[in-house]
Amino acid sequence: MTGFLQATIYGLLQGGLLALVAVGFSLVWGVMNVVNLSHGAFVVLGAYLGWQLNSSLGLDPFLGMIVVALILFCIGYAVQRFLINLVVNGPIFITLLLTFGLELLLVQGMNIVFTANYQSITTSYAGNAIVLGGIQVPLGRLLAFLLAVGITVALVKVMANTRVGMSIMATGMDRGAARLMGIRARHVYALTFGIATALAGMAGTMVGTVGTFNPAAAGGFTLLSFVIAVLGGLGNMYGAMVGGLLMGLVQAWGGYYLSGTWVNALAFLVLVIVLMFRPSGLVGKAFYSARLEV
Amino acid sequence: MAAVIPAPWRRWLPWALGVLGVLAALGLQTQLYSGQVRTVATIFMFVALALSWNLIGGYTGYASFGQVVFFGLGGYFAAVTMTHLHWSFWLALPLAGLAAAAYAALIGVPLLRLRGHYFAIATLGVAEGTREIVINLDGLTGGGGGITVPTVGAAAATKYLGNDGFYLVYLVLAVLALLVTGLVSRSKFGFAMRAIHQDEDAAAAVGINTTRTKVLTYALSGLLTGLVGATYAFQQVTIYPERLFDVEITVLMVVMVVIGGSGTVLGPIIGAVALQFLSEWLRQNYTTVHTLLLGAIIIIAVVLLPQGLVNYLREARRNRDYSLLANVRRYRL
C-alpha cells in the first residue's frame, strides 16, 4: 500500500511538471492550429539556459527561471513574427515541417554549443525529502509541482481577465472577426508563441532541477506535449493540467505494476482510446477539434 | 484549358521516360564503386518510401505521421520469420508487405475516422505503441538488444545479397511504387482519393465510398512501405526497434513529398533524390553541422516553395508568373 501511495504521489508531482511542459504547446495549437514540433527543443533550451545561469552566475534555478522566461519570450516572439507567420495559413504538413526544421536547427545548435552530455542543475536543497507517514516527497519536485500549478493557474487568469488574454482567445476562436475588431493577428500570434516558449523554458529549467537532460531529449518532450494536449483537449486552459496529471499517474502506476517498458505502450494506448471515443479531449471544447483550418 | 483527351504522345511519354530511367539506373550501377552503390540504393529506398507516403498523405490528404510503423513491422516480420522459421528472403518479403497492409487496414478502420492533426497524432501514437510492443516481445524480436538475421552458413536460407543485390531490389521496389502511383493517379480510384482530399463530405455526397477508399489507400501505402522495411532489415542484418521505428524516417518521407510536390507522381521522386543527395553531400563535407544545415534548408524550402517544386512549376507555367515572392505571400498571415 505504501508503494502504491508513493507511486501516486510521485505520479502527481511528475504530472504537474509535465502539465507545465505541455501547456504552451496546447496554447499554440488551440489558438493558431499549429502543432509545434520544436516545442521540446525550447524546453531543453530553457533547461540549458537555466543551467548556464546557475553554473556561471550562481543564480538559483527557481529565480533564474524568470530570466530564462524573458529570453525565451523574445526568441519565441521573433520566431513566430518573422518565420511561422509566413506559412501559418498553409496546409498542416507545412507548419509541421517548418517547426520540424526549426527543431533540427535548435537541437543541433545545442549539441554544438553545450555538447551531447547529460547535464543537471544541482541545488543544495532539491535533493532533500519530506517524509510523511513513510512516503517520501522530494523537496525539489514538490517546489516544481507547486510552481507549475501556480503558473498554469496564473495563465488561466491572464487569459480570462486581461485585454491581451482576451484578444488571444478571440483570435483563436475566429481570426477574421478578431481582425475586424482591430486586433492585430500577427502581433497576437507572435505574443502567443512567445508566451508558449517562455512557459516551455520555465518548465525546462525545472526539469533540469529535478532530473537530467541533453539535447536529444527534445523529441521526447514534444511527443509528451502532444499526448497531454490531446488527452486534456484544446480550448480549455486547464486541459493541459488534466492531461499532464493523468499522464503522470499512468506512467507512475504503469511503472509500479508493469515490467519492462510496457508503461510507454500504455501511455499511447490511453492516447488512442481517448482519440477514438472523445476526440475533443477530457475537458476540451469540441469546436477546436472539429475545425480543420483556422 | 488542357485537352480533355490527352494527345497520344502524352500517354506513352511517361512510360518511355520510366524505361529510360530504369536503364539509366542499371547503367549507373556499373560505373559506381561499392560505397556509392550503397548510397544510391538508399536514394532508391527513399524514392519508394516517399511514393508510398504520397498515396495516403499526398493524394488522400491524410497526414500519416506514423508511417514508419509499416516500415518497422515489415522489417521485423522479415527478420523474425527468416531467423526463427528459416524462411527464404523471397518468401518473407512479399508476406512482410502483406502483413504491413493487413495491419494498415486493421488500424485504418478506426483511425481514418479522425481528421487533420488528430489523425496525424493517432498514427504517431500507434507507431510508438507498436515499437514498445516489439521491444517487450523480446522472446520473438530480441527486444531492445535487436535481432540478427542469419546471412551466412547453414542457418541462412538466403545468402546476403551484397551491395549490388540490394541496389537491384530497391530499384525494383521504387519502380513498383512508381507504377502503382502512376496507375492509381489516372484511375477512378485516384480521382476518389483526390476528391476526399479536397472535400470529404462532398466526395461522400457524390457516391464515393470514402471509408473503403481511405482504408484501401492506407493498406496499399502500408504494403509498399512494408516491402521496403523488409528489404532494409535484411540489408542491415542486425536491426533494433529504435532504428526501425524511428520517427525521423516518417519525417523524411513527409519532407521529401512536400518539397517535391505532394499529390503528384514526379514530386516525391524529385524530393527524395534531391534531399537524400543533399543530405549525403552535407554529411561528407560539413560533418559537424550537417543536420543544422539540413534543418535550415527545410525551413527555407518550406517558406519559399510551400506547395512543392512540381506544383509550383505547374502553377507558374499556367499563370506565367515565376516570382517566388508572390509564392511566399500565399500562406502568409
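**Exercise 1. How many residues of chain B are in contact with chain A, and which helix of chain B supplies the largest share?**

*Step 1.* Start with the count: 38 residues of chain B are in contact with 40 residues of chain A. Two residues are in contact if their C-beta atoms, placed from the backbone, lie within 7 Å.

*Step 2.* Look for the helices involved: α5 (116-136), α12 (247-260) and α14 (290-304) of chain B each supply at least two residues of the side that touches chain A. Helices are DSSP runs (H or I, at least four residues), strands are runs of E with at least two, and both are numbered from the N terminus.

*Step 3.* The largest share, 13 residues, comes from α5(B).

*Step 4.* Sort this side of chain B by class: 26 residues are nonpolar, eight polar and four charged. Here Ala, Val, Leu, Ile, Met, Phe, Trp, Tyr, Cys and Pro count as nonpolar, Asp, Glu, Lys and Arg as charged, and the others, Gly among them, as polar.

A note before you go on: this is a predicted model, in which local features need pLDDT of at least 70, side-chain atom pairs count only at pLDDT 80 or more, and totals for chains, interfaces and linings use all residues. Residues are numbered from 1 along each chain as its sequence is written, while chains are lettered from A and ligands numbered from 1 in the order in which they are written.

**Exercise 2. What radius of gyration does chain B have, and how many helices and strands?**

*Step 1.* Chain B holds 16 helices and two strands.

*Step 2.* For 333 residues, a compact globule would have a radius of gyration near 20 Å, and the 20 Å of chain B agrees with that. The radius is taken over C-alpha atoms, and the globule rule is 2.2 Å times the number of residues to the power 0.38.

*Step 3.* Along the principal axes, the C-alpha atoms of chain B fill a box of roughly 65 × 50 × 45 Å.

*Step 4.* Of the 333 residues, 47% count as buried. A residue is buried if 20 or more other C-beta atoms lie within 10 Å of its own, exposed if 12 or fewer, and partly exposed in between, with C-beta atoms placed from the backbone.

**Exercise 3. At what angle do the axes of α2(A) and α4(A) cross?**

*Step 1.* The axes of α2 (residues 39-57) and α4 (residues 92-114) of chain A come within 9 Å and cross at roughly 25 degrees. Axes are lines fitted to C-alpha atoms, for helices over the stretch in contact, and angles run from 0 to 180 degrees between N-to-C directions.

*Step 2.* That makes α2(A) roughly parallel to α4(A). Angles under 35 degrees count as roughly parallel, over 145 as roughly antiparallel, 65 to 115 as roughly perpendicular and the rest as oblique.

*Step 3.* Residues making the contact include V44(A) and Y48(A) of α2(A) and L106(A) and M110(A) of α4(A).
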